[in-house]
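Subject: Handover of a structure

Dear colleague,

Please find below the sequence and structure that I am handing over to you. A description of what was found follows directly after them.

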Amino acid sequence: MRRVEHVMGLPISVDLRDGDAELAESAFAWLRAADAQFSPFKPDSEVSRLDRGELTREELTPDLVEVLSLCDFYEQSTGGAFTARVPGRGLDPCAVVKGWAVQRAADMLREGGATSFCLNAGGDVVTAGEPEPGKPWRVGVRHPDLADQLSVVLGVRDGAVATSALYERGQHILDGRTGQPVSGILSVTVFSDDLAIADTTATAAFALGRDGIEWAAAQEDCEVFIVDEDRRVHSSPGLPVHIC
Amino acid sequence: MKWAIPVAVLSVAGLVPVWLYSPGAAHEGEINEAAAPPAQEQQQTQQQTTAPQTTGSAPKTTGSAPKTTGSAPRTTTQQQQAQNRTVSGPAVNTSEGVVQVQVTLQGTKIVDVKALRAPNSEPTRMALPLLKQSALKAQSADIDTVSGATATSGGYKQSLQAAIDSAK
């Protein structure tokens, strides 16, 4: 069962190989609910209300507390290069919310009994099980210059792959320390077992520029594939490269 | 997941030489194979793998934050764990600063050593972390999904992922 919907401004594809097709509907329902709750672009979202001072810390839902603590963790870990609070702008936890919400959607599919699926949210991927017995999900990583080419293919069973890159939205990642667009890296791909970690690590590494290469590689439980501006590839030895 | 796994205490004694070792040829990203301790030491570190570690490892500077994600149910990586497992050593004060390493084991073989914390000194920078460097290549291959392909709706329509979604 395959389905694509646009949620959070992203095309989200579900490829469900077993389990009830209604599971996909509940996963999309959760993603729409997460968008309504966490979007800084919706005036009545919890994030917007917090940003306007209408909610105190004590009044926040546990989910928003979790998202904000993840934001804080990566902000501290990157010395402020990654931040949900760029000076002069409102609170924007989107960089954490996306991976976190999609990971939870994947958890819901698993809890509902699905054992083989691939969830792709705007290029950030969670997989479970095997698409065919004995074979991993083949996750191609887009080439930073050539939209129809791949720079590497990963073989993943239960795992998450996130890529942060410049090629589509222009320079959409800012260094929180300077407020300026970052440079130094063309594309960061992070493999982990949790998309909240993979996605945020990729974004934070990007925000660090060249320093992000070693920073990301040193993150626990993360394997990286990073293309720098000189088009050199830096990859972790433990990266699950799939030999095609 | 990573925060839910009990982390084994690994004696760092056998691994400090890893960091102290200053490889002559660790430039331009070949895997620094010299960073793996000799076989005998591997055996020892295996045997010294003991109780769950309660202190957080270095990247978790806020502690509380990662734990909150641990509440989400995770049923992942059983197959991967069967092949590889990682253990983090304690943070150890050395004359050069605090060192903490993480090793990845395949069975009893150490396949990767990563510095969770390392002093900002020259030998460390040369040796850690272990990253391979290579030239960027382009390939096309049979795949099930694409990472990094589709940030916007307009981009999606022309993307590989859209082609995959409509093909099946």
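Is R231(A) buried, exposed or partly exposed, and how many other C-beta atoms lie within 10 Å? Please note that this is a predicted model. In it, R231(A) has 14 other C-beta atoms within 10 Å and is therefore partly exposed, since a buried residue would need 20 or more and an exposed one 12 or fewer. The residue sits in the loop between β9 and β10 of chain A.

M8(A) may be set beside it. This residue lies in the loop between β1 and β2 of chain A and also has a positive phi, of about 60°, without being a glycine. M8(A) counts as buried because it has 20 C-beta neighbours inside 10 Å.

Chain A as a whole

Chain A contains six helices and ten strands. Of its 244 residues, 55% are buried. Among the contacts in chain A with a separation of 6 or more, 58% are between residues 24 or more positions apart.

The sheet

Nine strands form an open sheet with antiparallel pairing, in the order β1(A)-β2(A)-β3(A)-β4(A)-β7(A)-β8(A)-β9(A)-β10(A)-β7(B). Its edge strands are β1 (2-7) of chain A and β7 (132-135) of chain B, each of which pairs on one side only. From one strand to the next, the twist averages 15°.

Helix α5 (residues 195-207) lies across β4, β7 and β8 (185-192) of chain A and runs at about 160° to β8(A).

Strand β9(A)

Six of the six residues of β9 (residues 223-228) of chain A are buried, so this strand is largely enclosed by the rest of the structure. In a regular strand, side chains alternate between the two faces of the sheet. Here E223(A), F225(A) and V227(A) point one way, while V224(A), I226(A) and D228(A) point the other way. Six bridges join β9(A) to β8(A), antiparallel, with S187(A) as the bridge partner of V227(A). Three bridges join β9(A) to β10 (residues 232-235) of chain A, also running antiparallel, and here F225(A) has S235(A) as its bridge partner. β9(A) and β10(A) form a hairpin with three residues between them, and R231(A) is in the turn.

The core and chain B

The largest nonpolar core has 93 residues, and L119(A), A198(A) and A216(A) have the most contacts inside it. Domain 1 (7-137) and domain 2 (139-168) of chain B both give residues to this core, so it lies between them. Beyond its neighbours within four places in sequence, A198(A) has contacts that include G99(A), A160(A), V190(A) and C222(A).

In helix α7 (residues 160-167) of chain B, the residues L160(B), Q161(B), I164(B) and D165(B) are buried. Seen down the axis of α7(B), its buried residues fall within an arc of 135°, so they line one face of the helix. The face turned away from this buried side carries the exposed residues S166(B) and A167(B).

Yours sincerely

Technical notes:
Residues are numbered from 1 along each chain as its sequence is written. Chains are lettered from A and ligands numbered from 1 in the order in which they are written. This is a predicted model: local features need pLDDT of at least 70, side-chain atom pairs count only at pLDDT 80 or more; totals for chains, interfaces and linings use all residues. Helices (H or I, at least four residues) and strands (E, at least two) are DSSP runs, numbered from the N terminus. Two residues are in contact if their C-beta atoms, placed from the backbone, lie within 7 Å. The arc is that of the directions from the helix axis to the C-beta atoms. A nonpolar core is a set of buried Ala, Val, Leu, Ile, Met, Phe, Trp, Tyr and Cys residues joined through C-beta atoms within 7 Å. Domain bounds come from an automatic or database domain assignment. Two strands pair if DSSP finds at least two bridges between them. Axes are lines fitted to C-alpha atoms, for helices over the stretch in contact, and angles run from 0 to 180 degrees between N-to-C directions.
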